[in-house]
Amino acid sequence: MEKIVIGSTRAGLTLKKDLIVYLEAKGFQVDDVGMKDESEFIPYHRAAAAVGAAVSEGKYARGIIICGTGAGSVITAAKFKGVYPVHVTNTFMAQQAKAVNNCNVLVFGEWFTPSKHAFQILDAWFDTHFTDGVDNDWKIFLRNCVKEIGELEDKQFKQESDA
């Protein structure tokens, strides 16, 4: 059973609850690190940071973040080494985010994405693997891109820790 981490703020609470039910029905173990109900408040950047940290630390291979628009959550989650979040609004974007960018965190904006649409987007993401559908030269190119991004991260994080 694959484990996946999920988090949301109030603006993503309804979609998150629907996604948890959907994912659990598909056999995933879902760990919720965001708001659980209306009685608590976790701002978008803290929910996104909790998902980003969990993926960055290797506790989960993939994560999902839901807020109102998705924009702030992408910005926050991208601050974590090895976390490649993409805000998606359709299945093609989900497939390309995985095939081309090796996206490991999907970000949804509840205000723009109904649950049934989000289910389709998740399925497309889960069914796609890095470099799917590209020729061998392009596969090499994409793998080198991801490698260089990792090297850039290593350089940036080293500079921050040396300061």
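Predicted model: local features only at pLDDT ≥ 70, side-chain atom pairs only at ≥ 80, totals over all residues.
## Helix α5

Residues are numbered from 1 along each chain as its sequence is written, and side-chain values use heavy atoms, with hydrogens and water left out. Helices (H or I, at least four residues) and strands (E, at least two) are DSSP runs, numbered from the N terminus.

Buried means under 20% relative accessible area, exposed over 50%, and partly exposed in between, with a 1.4 Å probe and protein chains only. The helix has twelve residues and reaches 16 Å from its first C-alpha to its last, close to the 16 Å expected at 1.5 Å a residue. The expected span is 1.5 Å times one less than the number of residues.

Ser115 belongs to helix α5 and counts as buried because its relative accessible area is 18%. Beyond four places in sequence, Ser115 touches Leu15 and Asp18. The side chains of Ser115 and Asp18 are joined by a polar contact of 2.5 Å. A polar contact is a pair of N or O atoms within 3.5 Å; within protein, one must be able to donate a hydrogen and the other to accept it, and residues adjacent in sequence count only if both atoms are side-chain atoms.

## Nonpolar cores

A nonpolar core is a set of buried Ala, Val, Leu, Ile, Met, Phe, Trp, Tyr and Cys residues joined through side-chain atoms within 4.5 Å. The largest one holds 24 residues, of which Leu19, Ile64, Phe108, Leu122 and Trp125 touch the most other members. Two or more residues each come from β1 (3-8), α1 (13-25), β3 (63-67), α4 (91-101), β5 (105-109) and α5. The largest contribution is that of α5, with seven residues. Leu122, leaving aside neighbours within four places in sequence, is in contact with Leu19, Tyr22, Leu23, Ile64, Leu106 and Phe108.

A second, separate core has twelve residues, among them Ala48, Ala77, Val83 and Val105.

## The sheet

The five strands form an open sheet in the order β2-β1-β3-β5-β4, with parallel pairing. Two strands pair if DSSP finds at least two bridges between them. β2 and β4 (85-87) are the edge strands, each pairing on one side only. From one strand to the next the twist averages 25°.

β1 and β2 are parallel and share four bridges, and Ile6 stands opposite Asp32 in β2. Five of the six residues of β1 are buried. β3 and β5, also parallel, are joined by five bridges; here Ile65 has Val107 in β5 as its bridge partner.

## Helix α1

α1 has 13 residues and spans 19 Å from its first C-alpha to its last, close to the 18 Å expected at 1.5 Å a residue. Its buried residues are Leu13, Leu15, Lys16, Leu19, Ile20, Tyr22 and Leu23, and they pack against β1, β2 (29-32), β3, β5 and α5.

The helix lies across β1, β2, β3 and β5 and runs at about 165° to β1. Axes are lines fitted to C-alpha atoms, for helices over the stretch in contact, and angles run from 0 to 180 degrees between N-to-C directions. Gly27, which follows α1, has a positive phi near 100°.

Val55 is placed in helix α2 and is buried, with a relative accessible area of 7%. Not counting residues up to four places away in sequence, Val55 touches Val5, Tyr60, Ala61, Arg62, Gly63, Val83, Asn104 and Val105. Val55 and Val83 are 28 residues apart in sequence, with their C-alpha atoms 6.5 Å apart in space.

Lys59 lies in the loop between α2 (44-56) and β3 and counts as exposed because its relative accessibility is 52%. Its contacts, not counting residues up to four places away in sequence, are Lys3 and Ala54. The side chains of Lys59 and Glu57 form a polar contact of 3.0 Å. Lys59 and Val30 are 29 residues apart along the chain, and their C-alpha atoms are separated by 12 Å.

Definitions and conventions: Contact = heavy atoms within 4.5 Å.
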